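My plan is to look up a few things in turn and to write down only what I can point to.

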Amino acid sequence: MPALEARNLIKCYTAVPAVNDVTFRLNPGEVLGCLGPNGSGKSTTVRMLTGLIEPTRGQVLAGGANIQRDLVKYRERLGYVPEEPELYPFLSGWEYLDLVGTLRGLPRAALEKKIDAMLELFSLTPAQHASIGSYSKGMRQRILLIAALLHDPDLFIFDEPLSGLDVTSALIVKNLIKSLGEQGKAVFYCSHVLEVVEKVCSHVMILRKGKVLAYAATSELQKAMGQSSLEGAFVHLVEERDAVRTAHDIIDVMRTA
Amino acid sequence: MSPKAAEAPEQTTQRAAQKPFARLVRHCVGRILHGGNESSEGELDFGVGTMLALLAMPGAFATIFLLGKYGSLFRFLRGETKFDAYAASLPDEYFFIVLAMVVTGAVAVWKWDSLIPDRRDYSNLAPLPISSRNIFLANLTAVLLLAVVLALDVNAASSVLFPLMVCGSESSFAYFGVFLGTHLLSVLLASAFSFFVVLAILGLLMATLPYRVFRTCSVYVRCGMAIFLMAILSTSFAMVEFVQNLPAASRPLIKLVSPVWFLGLCQFLRGVADPALASLGRLAVVGSATALILALGAYALSYRRCFTQSAEAVANLPSTGGVAGLRAFRWFDNLFLKTPFERACFRFSLKTLFRSENHTLMVGGFAGLGIVLASQTLFEAATAAPTSSTGSSRLPSADVLSIPLILGYFLLLGVCFAFEIPVSLRANWIFRLAVNPETGECVPLARKIMLTFLIPFLAIACLPVYSWRWGWWIGITHTAIVGVLCLLLIEILLMRFCKIPFTCAPPAFKSNALVTVVLYFLGFAIFTSWMSTAERWALEDPLRYLVFVPALAGTWLILQRYRGEMTALDSRLIFVQRPDTAVEVLDLTFRR
């Protein structure tokens, strides 16, 4: 049974649907990469998958059951890292993780140990009692990652988790995502970075203007497109404009007096 | 005139506005008005027009309320034939000076964090080819511009209406002109003085304290200033009597009350001040000049310290207190907070109340208002002559009994109001994800937070003071009565409460806001005046306390019954509060 399944998801804010008939299945042990240009409906899809917004039509199923029937139970087994690191600036990193862990009902002693260990592993111990307002974007992102991992969920939804991370942290997170898949966890991974998706994701879904353009195993997609890399497949599917030509045009405009 | 010539002035203005310095000043004005710090995002922010209108309102309303006093028809009906405008207007002149100082000072305290450029400004402006001196000058110009606009706006309505009203029956225009000019000069100078004193304090604190210490004590200093401003407002009721008897009752402490300086200046310029008042008037000029110089000096120093060195301060992260502070919550967990929801949200709420400046100021403002009203009540009770020398005069009066009720009322109201103001609204996604919306724990949580403020107040202030002054019996019974009444007040305030404090977006406009304000005034009268009078009556014969039992129990039962009748939909946890609609659609299918 798939850990997460989207069936004909449609979300309309205006007459034009932001997400139009998105369907996929994510099994335990799979890492599904979601790619698409700006405005392709990635964030809306993620928000529907987390239950933060309800689809206009269609269903999100977890373990075969519609998540809207029991959102609380669904969210107990969900680890989510949002695109924007929105955190309470007046709390310290430690306090924020304590808040999240306590809300999730983790036992006190175990929670404190876990927070300390995670902060150490993510190199945040020196800043653990500083207010989040003073954190860099990368530090906030690491706090969000820890918050998603604390309760050992079996389903992860990551929306641009590498945003703002330094090279070392990004390497750790890439390996972490791979390892989560190997541990049998299901991971839905949304990103702009094609190379990372290519390296860590077993499956890829490409969205454009709210619709699924392609959905397959990463290697199969490359083969089907006749491309040696995911970037080639993506450009072949999505890009309407010649990137090289546009770059030259930008230089021309820049030089205009 | 040719169209080209007609367009010229407009184009010149546009060109001037596009110059880098003018654009920078505009930017600085904008960031001061809309807040610069990160924590203020998505919180209280008014449009400029609305803000200016709101600030002008107290002066306008205060003047309109004086129509009965100065209107010639009203004076004729009262049989007043002789009218000395200068003498009659003295208390009101003092009130307008105080009002000008309080409103301007309050705005400066409110905009405290935006007055000096911060790290965000540094990261945005420093990479641009603008000299540090120009950034400083632009921000200083913006601050001075704000001070001028504020002073003019706050006093605009009263400066026109008040002289018109007072001098309406005078035939001489010169008389009106002198009255208007002196009034305008006094209130404008008072406003500027108040603004620059706040700016000087801010600048001096920033220039002298380490950044970490400054951030920690900033909120408490602001609360202290808010309470001080409200205390000054309360002097308008008592101070005029001292001023009128100045030569006879010369009190050295009166020199410390700054609004009296400006009243002295006003009367001196009108040529009606006695020497004592005139000497105080000179203090107004000296004080204003000193405040301006101090403010500019402190501003320059703090700018140098906090803005130009802010890039280095990035590495120096301010601490929130560490694990030791967090572990203080542990015994609370074991004793009072039974569920994970309560534990997490209780800590979150207390930290918000003490660390978010808007929320601390809100509670501090309400507590300050309570302190001002309580001190006034105490002052009245202390100066009131005893009515008899019987045994009952040894008991505390109703006024004295009402003091903890006044303080409790404002403290609880302040906390409850603060709950409604969201903090970093976009960060509430974690509550949306991790909390069961069907949890019925919002009211118990909010009740416990309010009790955290109430119980120390009762135990540390109310019980010892009343026991020491009137004996243990009165101390204990009065504290018990205040405690029970406050518990009932909490239940009333939380009647339809179904949110986690600070996480819910308020509606854009509450159609019932006026009714709510009237209800709060009525509630204040019932809670403080009626209840203390009833308690005073019961004190004379302790058996009368038995009347309280059924009355309070009955109220409690009614509240519980009302809450019991709320539907599951009404008590569902919300994160967005929608305004009450004019037409409700009944979902009758729900009942099938």
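What follows are my entries, in the order in which I looked things up.

**Entry 1**

For chain B I looked up the confidence and found a mean pLDDT of 81, with 83% of the residues scoring at least 70. Among the elements of chain B, helix H22 (residues 472-493) has the highest mean pLDDT, 94, whereas H15(B) has the lowest, 56. I also marked residues 36-44 of chain B, where pLDDT stays under 50, although the model has 27 contacts beyond four places in sequence for them. Where pLDDT is low, the predicted coordinates should not be read in detail.

**Entry 1: chain A as a whole**

I counted elements next, and chain A has 10 helices and 10 strands. Along the principal axes, its C-alpha atoms fill a box of roughly 55 × 55 × 35 Å. Of the 257 residues in chain A, 46% are buried. Among its contacts with a separation of 6 or more, 67% are between residues 24 or more positions apart.

**Entry 2: an open sheet in chain A**

Which order do the strands take in the open sheet of four strands in chain A? I read the order as E2-E1-E4-E5, with antiparallel pairing. E2 and strand E5 (65-66) stand at the edges and have a single partner strand each, so one side of each is left without a neighbour in the sheet.

I followed the pairs one by one. Strand E1 (residues 4-12) and strand E2 (residues 17-26) of chain A are antiparallel and pair over seven bridges, and within this pair A:Leu9 has A:Val22 as its bridge partner. The hairpin that joins E1(A) to E2(A) passes through four residues. E1(A) also pairs with strand E4 (residues 57-62) of chain A, again in the antiparallel sense, over four bridges, and here A:Ala6 is the bridge partner of A:Val60.

**Entry 3: a covered strand**

I then looked at strand E7 (residues 155-159) of chain A, where five of the five residues are buried. Both faces are covered, with A:Leu155, A:Ile157 and A:Asp159 on one side and A:Phe156 and A:Phe158 on the other. E7(A) runs parallel to strand E6 (residues 78-81) of chain A, to which four bridges join it, and A:Leu78 of that pair stands opposite A:Leu155. E7(A) also runs parallel to strand E8 (residues 186-190) of chain A, with five bridges between them, and A:Phe158 has A:Tyr189 as its bridge partner there.

**Entry 4: a hairpin further along**

Strand E9 (residues 203-208) and strand E10 (residues 211-217) of chain A run antiparallel and are joined by six bridges. A:Leu207 has A:Val212 as its bridge partner. The hairpin has two residues between the strands, and I noted that A:Lys209 takes a positive phi near 50 degrees in it.

Chain B has 24 helices and zero strands, and 36% of its 592 residues are buried.

I looked up the largest nonpolar core, which has 214 residues, and those with the most contacts inside it are A:Phe188, A:Tyr189, B:Ile97, B:Leu199 and B:Leu412. Beyond its neighbours within four places in sequence, B:Leu412 touches several residues, including B:Met450, B:Leu454 and B:Cys486.

Is B:Leu543 buried or exposed? B:Leu543 lies in the loop between helix H23 (513-540) and helix H24 (548-564) of chain B, and it counts as exposed because it has 7 other C-beta atoms within 10 Å, where exposed means 12 or fewer.

**Entry 5: where the chains meet**

The contact takes 28 residues from chain A and 30 residues from chain B. On the side of chain B that touches chain A, helices H15 (322-327), H17 (340-355) and H20 (429-434) each supply at least two residues, and H17(B) gives the most, with nine. I sorted the residues on this side of chain B into 15 nonpolar, eight polar and seven charged.

Definitions and conventions:
Residues numbered from 1 in each chain as written. Chains lettered and ligands numbered in written order. Predicted model: local features only at pLDDT ≥ 70, side-chain atom pairs only at ≥ 80, totals over all residues. Pairing = 2+ DSSP bridges. Contact = placed C-beta atoms within 7 Å. Nonpolar A, V, L, I, M, F, W, Y, C, P; charged D, E, K, R; others polar. Core = buried A, V, L, I, M, F, W, Y, C linked by C-beta atoms within 7 Å. Buried ≥ 20, exposed ≤ 12 C-beta atoms within 10 Å, placed from the backbone. pLDDT = per-residue confidence, 0-100.
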